[in-house]
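Hi,

Here is the structure I promised to send over. Have a look at it first, and then read my notes below.

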Amino acid sequence: MKPSLIKYVFILSLILANYLQLFAQETQTWNIVVDKALATDEAIHVAIDDLKEIGKTFNIEFVKTTDLKTKFANSIIVGSPKRNGLTKSLLDKNTLPLKGLNCEQGYEIITKKIDEKNLMVVSGGSILGEAYSLFWILDRLKVNGKIPEINTIREPELKIRFSGGGTKALMRQALRNGATWVWGSHSVNQLIPWDAEPERTENKKNRAEINELIKYAHSLHLKYIVYEDEFSYHPTLLEEFGATLNPEDPKFWEAVQTKYRRLFKAMPEIDGVRHRTGESTRVGGNFKSFDMMHAGDSNWSLAKRYRTWIQKIHEVVVGEFDKIYYQRTWVTSSHEQHSMPEVYKEIFTEDVPVKNLYMSPYMSTTDRYFHQPYNPTFNQTPHNMIVLLSPLNYHGKNNCGILPTFPGTYYQGGLKTYLSVENSNCKGADFGSIQNEGWDTWTLTAYTVYRLTWEPNMDVKEIAYDFAAMYFGKESAEEIAELLLLTPKIYKYGMYIAPAAHGQFASLTHLRLTTFPVKGLPNLDSGRKHIEFLYDIYLRCRPWIEETYLYLDHGLELANKARDIANGAASKITDTMKKDQLINNAEMTYRLVAANNLYVKAMISYFQYRETKSLTDKNQLANYSKELSSAMEAFSKVPGFVYRLDGMKQLQVNIADALNNVEKANAILTNAPNDAGIDKLIDDQQDKYKEVLEKYKDEAVKLVYWQGRVDGRDLFKVKGKEIEIEHLRYDNIQETSEEFFTTLPDKEYTVVVKNIQSRSFGPFVLEQPSAENNYTVTLYLSDYPKHGYSWWKFELYYIPRSPKELGLEVPWGKQEAV
C-alpha cells in the first residue's frame, strides 16, 4: 500500500472513531425531585424549564418528578425540610449537614454521593430562594458545560433587585437575573380611570392587561411596580379641583393625592409606584406635564417643593395603601438633589418618613459615568436608597458592533464604597431588562449586577470569565475575560477627552451613543456653532495637550491589544459565527477609537493653526486631516458599521477652509450668524412662506397633515406619499401619525409648511424638491434646547411653481445632515 494511501486510511479511521465515540455517548439524566406542592409553583417551573432547555445543549436530560421514591443515578432534590419530605428524611438521618440560612432569598446547595448516587440537595429560605438555587445550578452548567459538584451557601448582600418586567418573558428573564421587583410597561396615567375619552376606555383595557401581568409577577414571587414621570396629568384632573399649577395651591395637592388614590382603588394589586420628577417629564396623548420642582408662580425653594412632593405622595401610597414608594432623584443638573449631598440632606429631613420609601440615584455623580466620582448622596440620611446601575456604553448603542463594556470594576468600587458604612442605607440595585441573552453590553451588565448584588466582594475577573465561558466556551474564556477587563479602560481613555470631561455634567460631550454630533446648523452658520463647541473642548485641553494625547493613545494601544487578544482567542472558538463576531467587534472597537483619536488631534491642531498661522502647524493640520479621513473610511468599512460621523465631517469642512485660506476661513466664521441671527433668518424665511401660502392659496394643494412628539433634531423627508424621518440627535420621534391628501409630484414645485403647534423655531424647509434630490422635500425639526418631548403638528402644501419664481430660494446651501 502506498504511504499516501496509508495516511488517508489512518485519517479516515480517526474521523470514524470520533463519530462513533460521539454517537456512543449516552445522554446524562438528572432527576429533579420536588414535592407536589412545590411542583406547581411557577418560579420553580420556570427554573426547571430553563434547565431542561439548556440541558439539551450539553446532552443532559432533566426529568421532573414528584415521586420521592424514584431512583436515578443523579438527582437534584429541591426544597427545604419544610417543603420536601425527602430533604427532611435525609436531615433526620444526619445524612444532610444543612447549616441553615439567615435570609429568605438565600439557599444552600450540598452535593453528596449516597449509595453510589450523585445527590444534590437545594434548600432555600423560601420558595423564591429555591428558584434562585436552580438558576445558580443552571449558571454553573452554562459555564462548565456540565453539572459540577456544588457545595455553597449563597445569600444576597442587596435584598432589593429591580429590573424590567413589561412582559411575561421579561419577568422570567428578570427572575433569572435574581430580581425581586419588576417595573411594568404601562404608566400610571395609562391605568387611572380618567373621566374622559378615549382615556377611560383605553385605560380599562390597560388595567385588564396589567392585572394579568401582576398576577404572573406574583406567581414568580416578584413585586410589580408601575412608573410615572411627575407631575403629569389629564386636564380634567385640575378642572375637577379648580387647581392651579402652583405648589402653594392646596387644591394642587388635593389633585395630586387623588390621582394616586384612584390608581390604588382601581388596581389594589399593584405593589408600588416609581417616580421621576423634574424638567424632563415626558408624557404622551392628551396628558400634560408640569415641572413641579422649578416651574409655577411660587417662591418655594427646591428643598420645600421636593420635600412636600415626597410627603404628599407618601401619605397616600404608603400611609393609606401600605405600598412601595420608589423615587428616582435624577435631574439634569449637577447642583441639585441627585448630585449634592447638602441639597439632598436639606430635602430629606426627619420630617420625611422612612417606611416603604426608597430613593434611587445613579452610581455616578452626574452623567456618563467615566471620569465621574461616585454619587455622594448615599448614607447621608436614614432613608433607604437603591443604586441605579446603567450600562456604561454612552459611546455606543447595544449591539452596535463594538466590544461590550464590562462594568464590574466600576460597579464593585461603588458598591463597596456605599456598603462600607455601618448600617448602610444602600439596600438594592436597579438595572435594565434584557429581552434575549447575548454577547452585548446589556446582557453583560445584567449578569454583572446579578453576581455583584449577591457577592459585592468577589473577584470581578470571575464574572468576566464566566460570562465569556457561557457564550464562547471555556477554551477561550481566559483570554476573553482579559479582553473584557480591558474594555472600560479602552473606552474611558480612548473615547473620553479627559481634560474636557472632568467637572462636566456630561463627561462625554462630543459623542452621543452612535453619533458624533454637529452643534448648531451648519447649513446656516457655516459650522460656527460646532467650531465654538470644539473650541471650548480645546481650551480645556490646551494646558494639557501632551497628557490629552497620552490618554487617547493609551486607549488606542489597549484597543489594539484587545484586537490581538480577540484574534488569538478566536482560534479556540468552534462556532464560526461567534468567532467572526468576536473578531469583528474587536476590529470595530479599534477603528472607533482610532477615528476618535484623530478627531481630537485634528481638532486641537486646527485651533493651533488658527492661532499661529505657521507653516509648521499648517503642515501638521494637513497631516492630521488626511489621517482622520483615512481613519473615518476604515471605520465605516467595518461590517455592521452604524455610527454617524457628522461632527468629524463638519470639522473636515472647516479644516479645508482653513488650509485653503486661514484668514478667509476665520472671516467666514466671524461673519456667520449666531443663534439670534439664525433665529431671525429662519423667522424671515417662514414669514415669506406664510405670505406665499396666503397669496397663492387658490393654487396651493394640501399634501399631508403630520403630528408627533419630538425630543431632539430630525430631518423630515417626503417623497411621493412616503415619509422618511432621519433621526439626528437626542431621542427618536414618537407617537407619529399622518394623513396624505395627495401625492407630491416629481416636479420642481415649492413645498410650504403651515405650522400648527411646535416648540423652538418650528419646522422649516431645508431643501425643496428637485431632480438632484429625486424630488424629495426635506424639513428640519429641532426641539432643542427644550427638555423632554413636545407635540409638533403641521401641514404641508405644494404650489405648482418653482421656488425661484416665488422668490423662495433658501438662503443656505445644501450640506451634510446636521
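What follows is a short tour of a few helices.

Some ground rules: this is a predicted model, where local features need pLDDT of at least 70, side-chain atom pairs count only at pLDDT 80 or more, and totals for chains, interfaces and linings use all residues. Residues are numbered from 1 along each chain as its sequence is written, and side-chain values use heavy atoms, with hydrogens and water left out.

Start with H5, residues 127-144 (helices are DSSP runs of H or I, at least four residues, numbered from the N terminus). Just after H5 comes Gly145, with a positive phi of about 75°.

Now for H15 (residues 474-495), which packs against H19 (residues 545-570) at about 160°, axes 8 Å apart (axes are lines fitted to C-alpha atoms over the stretch in contact, and angles run from 0 to 180 degrees between N-to-C directions). The two are therefore roughly antiparallel (over 145 degrees; oblique is what remains after under 35 as roughly parallel and 65 to 115 as roughly perpendicular).

H14 (residues 460-472) comes within 7 Å of H15, axis to axis, crossing at roughly 130°, so this pair is oblique.

Cheers

Methods
The expected span of a helix is 1.5 Å times one less than its number of residues.
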